Amino acid sequence: MQLLKRIFDFYLHGSIHVALAVYALVRMTFHFFHIEYDKPMALFAFFGTIVGYNFVKYDELVRAKKLKMTAERKAIVALSFVSFLVAAYCFFLLERQTQFVSVAFLGLTMLYTLPVFPKIGNARNWAGVKIYIVAFCWAGITLFLPIINADLPLSHDVWLKFCQRFLLVIILILIFEIIDLKHDATSLQTVPQKLGVEKTKRLNLFLLLPFYCLEFLKSDFQIVQLWINLGLIVVIALFTIFASPKRSEYYTYFWVESIPVFWWGLVLLFG
């Protein structure tokens with residue numbers, strides 16, 4: 001049982017689960033815009049997410065020399081190295097314009113992680129900014145990159161989907177911020193720190209309305225997708241209502257991060 005727990009923790013701490021969520025959103029982009037399965041694009045997003053998230057999570061600890069190299073962390077370093085090689089290989093299989101946009105998102109990740117501006121630190125520690133950078137990167141990587149690589153125009157529907165993805169990530173991050181309230185430094189000025197837990201929950205439930213209603217504005221919206229999205233927002237609403245700083249990390253790092261995979265599963269079953 002202890003071995004299974006260690007494997008599961010490695011799966012979470014090594015960012016494999018969050019990479020699966022990104023992969024699910026990329027596959028949904030293929031589905032919604034009728035793009036034939038693009039293996040290099042999907043694998044680039046999956047393995048690039050492992051590299052990017054592990055870099056963000058562990059870089060500052062390494063630079064501050066506060067990271068004790070346990071067996072799990074050594075395995076995460078090995079995983080990240082292999083993932084980097086696979087992501088780099090897939091990168092060179094992408095279209096030239098997709099590579100340029102990918103580099104731009106890499107620049108945002110570097111800005112988020114590294115203290116580019118010594119006096120004000122990295123973007124991760126800029127009060128109130130982190131949430132928007134993460135949402136922009138998730139929406140852009142899972143939507144714009146597959147669209148650009150397929151040489152499709154950034155149409156009205158693409159921008160609507162971008163807004164919907166952006167809102168989805170904001171909503172999921174707010175649940176994370178509620179759970180992480182007991183750990184976050186007050187200087188971060190997260191939404192729960194400024195509004196309190198209950199008001200943050202109400203804000204999250206309110207944001208589900210525009211997320212859902214954006215579907216009506218699509219040029220080819222389908223009734224079945226409205227039912228799928230309704231099921232999705234019910235699940236997110238329940239996760240929001242039951243969110244609490246007393247919850248364990250598994251509440252967000254596994255269950256909440258499973259929501260994009262759950263959404264993809266609904267689309268595969270009923271879409």
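This is a predicted model: local features need pLDDT of at least 70, side-chain atom pairs count only at pLDDT 80 or more; totals for chains, interfaces and linings use all residues.
In which helix is the place of Ala88?

View 1. Ala88 has its place in helix α4. With a relative accessibility of 25%, Ala88 counts as partly exposed, because that value falls between the 20% and 50% cut-offs.

**View 2. A tilted pair of rings, Phe44 and Phe91.** A pair of aromatic rings is described by the distance of the centres and the angle of the planes. The model holds 20 aromatic pairs, counting rings whose centres lie within 6.5 Å. Among them is the pair of Phe44 and Phe91, with 6.1 Å from centre to centre and 45° between the planes, a tilted arrangement. It joins distant parts of the chain, since Phe44 belongs to helix α3 (residues 39-63) and Phe91 to helix α4 (residues 71-91), 47 residues apart. Phe44 is buried, at a relative accessible area of 15%. Phe91 is buried too, at 18% relative accessibility.

View 3. Phe105 and Phe136 make another tilted pair, with centres 5.8 Å apart and planes at 40°. This pair also links distant parts of the chain: Phe105 lies in helix α5 (residues 96-113) and Phe136 in helix α6 (residues 130-149), 31 residues apart. Are the two partners buried or partly exposed? Phe105 is buried, with a relative accessible area of 8%, whereas Phe136 counts as partly exposed at 34%. Both rings belong to one aromatic cluster, together with Phe144, Trp159, Phe162 and Phe166.

**View 4. Thr29 and its neighbours.** Thr29 is part of helix α2 (residues 16-32). Its relative accessibility is 0%, so Thr29 counts as buried. Leaving aside residues up to four places away in sequence, Thr29 touches Ile35, Thr142, Leu143, Pro146, Ile147 and Arg165.

**View 5. Helix α7 against helix α9.** Here helix α7 (residues 156-179) packs with helix α9 (residues 197-213), their axes 10 Å apart and at an angle of about 165°. The two helices are therefore roughly antiparallel to each other, as the angle is over 145°. Their crossing is left-handed. On the α7 side, the residues in contact include Leu167, Ile171, Leu174 and Ile178. Those they meet in α9 include Val197, Leu203, Leu207 and Phe211.

**View 6. Helix α9 against helix α10.** The axes of α9 and helix α10 (residues 223-241) come within 10 Å and cross at roughly 175°. This pair, too, is therefore roughly antiparallel. From α9, the contact is made by Lys201, Asn204, Leu205, Leu208, Phe211 and Tyr212. From α10, the residues taking part include Leu226, Leu230, Ile233, Ala237 and Ile241.

Technical notes. Residues are numbered from 1 along each chain as its sequence is written. Side-chain values use heavy atoms; hydrogens and water are left out. Rings of Phe, Tyr and Trp (its six-membered ring) pair if their centres lie within 6.5 Å; planes under 30 degrees apart count as stacked, over 60 as edge-to-face and the rest as tilted. Helices (H or I, at least four residues) and strands (E, at least two) are DSSP runs, numbered from the N terminus. Buried means under 20% relative accessible area, exposed over 50%, partly exposed in between (1.4 Å probe, protein chains only). Axes are lines fitted to C-alpha atoms, for helices over the stretch in contact, and angles run from 0 to 180 degrees between N-to-C directions. Angles under 35 degrees count as roughly parallel, over 145 as roughly antiparallel, 65 to 115 as roughly perpendicular and the rest as oblique. A crossing is left-handed if the near helix is turned anticlockwise from the far one by less than a right angle, and right-handed if clockwise. Contact means heavy atoms within 4.5 Å.
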